[in-house]
Amino acid sequence: MEYELLSKAYDALVILSDIKRLAFLAAGVLIGLAIGVIPGLGGIVGMALLLPFTYDMDPYAAFALLLGMGSVTTTSDTIPAVLFGVPGTAGSAATILDGHPMAKKGQAGRAFGAAYTASMIGGILGALLLAVSIPVLRPFILFLGSPELLMFAVFGLCMVSALSGGAPLRGLAAAALGIMIAMVGTDPTTGTLRWTMGMLYLWDGIHLVPVVLGIFALPELADMAIERRSIAATSKIDSRSGQWEGVKDTFRHWFLVLRVGLIGAILGAVPGIGASVVDWIAYGHAARTEKGADKTFGTGDVRGVLASEGSNNAKEGGALVPTIAFGVPGSASMAILLGAFLIHGLVPGPEMLTTKLDVTYTLVWSVALANVLGTGICFAFSNHFAKIALIRQPVIMPLILTVLFIGAYQATRSWGDLIAMLLFGLLGWTMKRLRWPRPPVILGVVLGGIVERYLFVSVERYGIDWLWRPVVIVVMLLALWGLIRPLMKQWKAAGGLNGMITGYSTPQFDKNSVFYAFFICFATVMVFTAMHWNFTAKFVPMVVGIFAVVVAGISFLNHTFRARDDNGDDVSQYRKEATKTLHMDLTADDGVEVGLVRRRALIYLGWILGFLGIVWLIGMLPAVFVFVILYMRLEGKERWPLVLTCAVGLTVFSTVVFDMLLTLPWPQSLLGDMLPELRRLVPSV
């Protein structure tokens with residue numbers, strides 16, 4: 001049996017080594033790398049884009065093209081995550097936490113070297129899992145039902161404590177807010193409209209893309225504008241030497257990379273656990289298990305980059321396992337690949353593991369070779385990418401913002417996407433300024449709908465008995481340990497129960513107290529609104545809402561009523577423990593005068609609103625041209641030759657890539673409504 005498998009694997013390598021098929025693999029890799037760099041697109045867009053071109057290809061070339069593209073989007077998405085704090089895809093959101101602080105220190109090259117090497121190793125691990133585990137994992141995957149999938153999602157949510165710095169209560173409240181955001185829209189079971197406020201846009205819920213870009217990307221760009229700096233705070237970029245240092249970091253922490261690679265591959269093989277979850281779980285695992293992680297993660301610790309990037313590439317090979325073995329797509333992009341199987345007359349299941357083993361191993365080789373090729377290309381050009389971090393703020397800002405809004409619009413192709421990103425940007429910036437952890441919000445949005453769906457199915461099918469299934473019990477215990485461990489650290493720091501219930505004094509209100517009050521009122525209103533819904537539709541939202549109010553209330557009391565000295569500093573050990581590791585959202589402008597920060601923040605907001613206004617008036621692509629000119633001239637006083645070069649270059653790039661190649665839809669403008677003939681000539685008007 002082993003000889004037969006090795007023989008089939010060798011035959012598949014020979015088949016794939018055909019120059020034409022390798023060319024298609026390389027083309028897919030290049031397209032995937034380009035798509036990964038552009039925020040808001042991602043692998044599923046690439047799969048949908050390339051699928052029509054595979055109809056007349058032989059199956060080996062078709063899958064080489066598709067998997068070459070899909071395997072590397074989470075390699076190149078590191079570039080915007082590290083340089084701009086903007087996740088290229090949802091799978092790189094956790095990379096921002098340490099990758100972007102490294103770029104600010106001038107260590108972008110080191111972050112790239114570590115990320116690319118870990119991504120390659122993770123991708124190869126995923127391919128190996130696919131190669132050797134299908135017969136082994138088949139009984140296990142078939143055993144998993146909705147209760148087990150529910151507990152995997154709950155386990156992911158319990159990572160929130162590890163992603164909350166030293167304030168797990170704030171993290172739990174933020175995660176609860178994320179879950180409620182995930183439940184906005186039409187209830188899938190009863191059809192009840194939940195928190196839609198009469199807006200048609202909210203009927204289908206709030207898409208993840210504008211939430212992620214708003215919570216993470218816009219606040220980073222705002223701080224860059226407020227501080228009037230380039231991405232890197234230093235003028236030194238570690239380029240080539242830094243990349244090699246990042247490679248060495250990967251092998252110094254080889255056991256961490258191996259662990260997170262296996263986590264990514266195994267979770268990728270579980271249908272329903274998406275790419276946007278895997279990197280958070282891996283990051284949370286590293287934050288809990290690595291020595292000193294509670295003090296350094298989020299400040300530019302290379303181990304945080306390794307944890308995220310080592311897992312997100314591995315999940316692609318893992319996601320192929322259920323797709324090939326059972327016809328159950330392991331991710332959204334795998335659902336499109338499943339369509340490609342059917343187009344080429346392949347039926348997932350026993351046939352792919354017996355008579356079509358040559359095709360199956362071609363997929364394995366495609367994933368492995370794509371990761372190696374994608375990593376090599378990224379290494380070759382990262383020296384140039386790292387230097388982007390030195391470009392002046394007035395030059396780089398309009399370029400990032402325009403691509404950001406184009407990417408956000410692709411979520412549901414509605415103006416609501418742009419408005420939602422702006423609103424979540426305001427929320428994210430406020431949370432960052434007040435030292436509230438933001439990753440738990442994204443985790444709640446990602447997993448909220450999954451938890452509710454699988455909870456309903458589990459209760460309907462198994463009643464209460466689903467709680468006693470062996471896998472459920474094991475995962476539940478692991479989840480509880482991950483949740484309780486940070487709370488126990490606070491318990492010890494406070495000196496036990498006596499320390500937690502004493503030490504209160506006259507309340508001293510500050511900006512954080514106001515935010516707590518707003519949060520509690522907002523969650524309370526959501527709970528009261530939910531009371532009038534059908535029981536099935538309101539059960540989970542009300543439980544989560546009440547939990548959010550209680551947790552935020554306790555955290556509010558600890559923040560506002562703890563004893564402080566004459567200088568206003570908190571003297572309780574409990575509060576010191578709760579705030580000392582809130583390092584994920586430190587800003588570089590703490591010494592800037594408060595009034596100046598507010599003025600610059602309002603100016604930045606005005607530019608964004610102005611850009612949206614120009615888009616509404618004349619369309620997206622013409623607005624890109626006008627906005628770049630206005631921002632660079634008025635905000636940066638840049639010279640006309642540079643201004644026109646950037647404006648024309650970005651407009652041409654956006655037209656060719658987004659309009660001509662990707663044929664993306666554009667927001668409707670007032671000018672286009674008034675002159676429909678013009679819209680036929682310029683579709684983006």
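These are my notebook entries on a predicted model of one protein.

**Entry 1: ground rules**

I count residues from 1 along each chain as its sequence is written, and my side-chain values use heavy atoms, with hydrogens and water left out. Because the model is predicted, local features need pLDDT of at least 70 and side-chain atom pairs count only at pLDDT 80 or more, while totals for chains, interfaces and linings use all residues.

**Entry 2: the overall picture**

I started with the secondary structure and found 33 helices and two strands. Here helices (H or I, at least four residues) and strands (E, at least two) are DSSP runs, numbered from the N terminus.

Next I looked up burial: 60% of the 685 residues are buried. Buried means under 20% relative accessible area, exposed means over 50%, and partly exposed is in between (1.4 Å probe, protein chains only).

Then I checked contacts, meaning heavy atoms within 4.5 Å. Of the contacts between residues at least 6 apart in sequence, 79% join residues at least 24 apart.

**Entry 3: two helices crossing**

At what angle do the axes of α10 and α23 cross? I found roughly 40 degrees, with the axes of α10 (residues 168–182) and α23 (residues 439–462) coming within 6 Å. An axis is a line fitted to C-alpha atoms, for helices over the stretch in contact, and angles run from 0 to 180 degrees between N-to-C directions.

That angle makes α10 oblique to α23. The scheme I used calls angles under 35 degrees roughly parallel, over 145 roughly antiparallel, 65 to 115 roughly perpendicular and the rest oblique.

The crossing of α10 past α23 is right-handed, meaning that the near helix is turned clockwise from the far one by less than a right angle.

I listed who touches whom: α10 brings G171, A174, A175, G178, I179, I181 and A182, and α23 brings P440, V441, G444, V445, G448 and G449. By class, this contact of α10 with α23 has eight nonpolar, five polar and no charged residues. In this sorting, Ala, Val, Leu, Ile, Met, Phe, Trp, Tyr, Cys and Pro are nonpolar, Asp, Glu, Lys and Arg are charged, and the others, Gly among them, are polar.

**Entry 4: salt bridges**

How many salt bridges are there? I get 13, taking a salt bridge as a side-chain nitrogen of Lys or Arg within 4 Å of a carboxyl oxygen of Asp or Glu.

I looked up D58 and R21 to begin with; their closest N and O atoms are 3.4 Å apart. D58 sits in the loop between α3 (43–50) and α4 (59–70), R21 in helix α2 (residues 19–37), and the two are 37 residues apart. D58 is partly exposed at 27% relative accessibility, whereas R21 is buried at 18%.

R433 and D223 also pair up, at 2.4 Å from N to O. R433 lies in α22 (residues 415–433) and D223 in α11 (residues 208–227), so this pair ties together parts 210 residues apart in sequence. R433 is partly exposed at 21%, and D223 is buried at 0%.

R252 and D249 meet at 2.4 Å too, N to O. Both lie in helix α12 (residues 239–252), three residues apart, about one turn of the helix. R252 is partly exposed at 45%, and D249 is buried at 2%. Shared partners join R110, E245, K248, D249 and R252 into one network of salt bridges.

**Entry 5: one serine**

Last, I visited S654 in helix α31 (residues 640–661). Is S654 buried or exposed? S654 is buried, with a relative accessible area of 1%. Leaving aside neighbours within four places in sequence, I found S654 in contact with I406, L621 and D659.
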